[in-house]
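These are my notebook entries on one structure. I set down what I looked up, in the order I looked it up.

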Amino acid sequence: MTSFLDPLISFVSAHAWLGYLTLFLAALLEAVPVVGSVIPGSTIILALSALVPGGELQLPWVLLAAALGAVLGDGSAYWIGHRRQREILNTWPLTNYPRVVAESESFFNRFGTWAVFFARFVPPVRAFVPVTAGALGMAPARFYAVNIPAILAWAPAHVLPGVLAVSALHEYAGLHHHGHVGKHIWILTVVGVAIVLGLAVWIYRRRNGGAVAEAKPRA
């Protein structure tokens, strides 16, 4: 795995603009309904943040790329829902995800305007709440008044942990930046945790879905 990471780190170092573009697209696509359920945007952002302490990527540009992608993604989803209203929730491809759509609508009804803020930190409803907010008639001013601060909190929350962790590994564990060991540790940890959490969620949903399916005939 490290033999794969070293060339990748060197490539990003030589073509930093591709790193920023990847961060932008990861944040944008993660906010798109359905697409955001399968694109590991947060994992990509957390992993690439490891390249900041060594200078391969610059912190201000990383934060800006992630924030702009999230703003564009959330805003696009919101305006689609705002224009189509509730009709969008009953059309393809959202009809293939009735459970997540229902969870998003329930999330929005429970927290109201604050759902837009909280959803930024709760996958997979993150990809569905903006379109749901638009479909349920949330005013644009109210949406952006909550969405922008949420993104300004979300971007550092996804970038700074990697920056601080890798910096701490180099500072206190005596690892050198040019050896990329700290970056390897952080990236592999992020990917490993993402895989474990993904499997746990998949197993939970599969079991829960099976229980619901068994209960329906008895009703």
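I began with residues 59–80, where the chain is 100% helix and 0% strand and the end C-alpha atoms are 32 Å apart. Helices here are DSSP runs of H or I with at least four residues, strands are runs of E with at least two, and both are numbered from the N terminus. Residues 185–204 are likewise 100% helix and 0% strand, with end C-alpha atoms 28 Å apart. I then checked the record: an unreviewed UniProt entry annotates residues 12–29, 59–80, 151–173 and 185–204 as "transmembrane region". UniProt positions follow the numbering used here, feature names are shortened, and annotations may be inferred rather than shown by experiment.

I noted the ground rules. The model is predicted, so local features need pLDDT of at least 70 and side-chain atom pairs count only at pLDDT 80 or more, while totals for chains, interfaces and linings use all residues. Residues are numbered from 1 along each chain as its sequence is written, and side-chain values use heavy atoms, leaving out hydrogens and water.

Next I looked at helix α9, residues 140–172. Its 33 residues should span 48 Å at 1.5 Å a residue, and the end C-alpha atoms are 47 Å apart, which agrees. The expected span is 1.5 Å times one less than the number of residues. I found a kink of about 30° at V159 in α9, shortly before the proline P161. The bend is the angle between axes fitted to the seven residues ending at a residue and the seven starting there.

I turned to S104, in helix α6 (residues 98–111). S104 counts as buried because its relative accessibility is 0%; buried means under 20% relative accessible area, exposed over 50%, partly exposed in between, with a 1.4 Å probe and protein chains only. Which residues does S104 contact beyond its neighbours within four places in sequence? They are V125, F128, V129 and T132, contact meaning heavy atoms within 4.5 Å.

Last, I searched for rings and found 10 aromatic pairs in the whole structure. One is F111 with F118, edge-to-face, 5.3 Å centre to centre and 75° between the planes. Rings of Phe, Tyr and Trp (its six-membered ring) pair if their centres lie within 6.5 Å; planes under 30 degrees apart are stacked, over 60 edge-to-face, the rest tilted. F111 is partly exposed at 31% relative accessibility. Ring pairs link F107, F111, W114, F117, F118 and F121 into a cluster.
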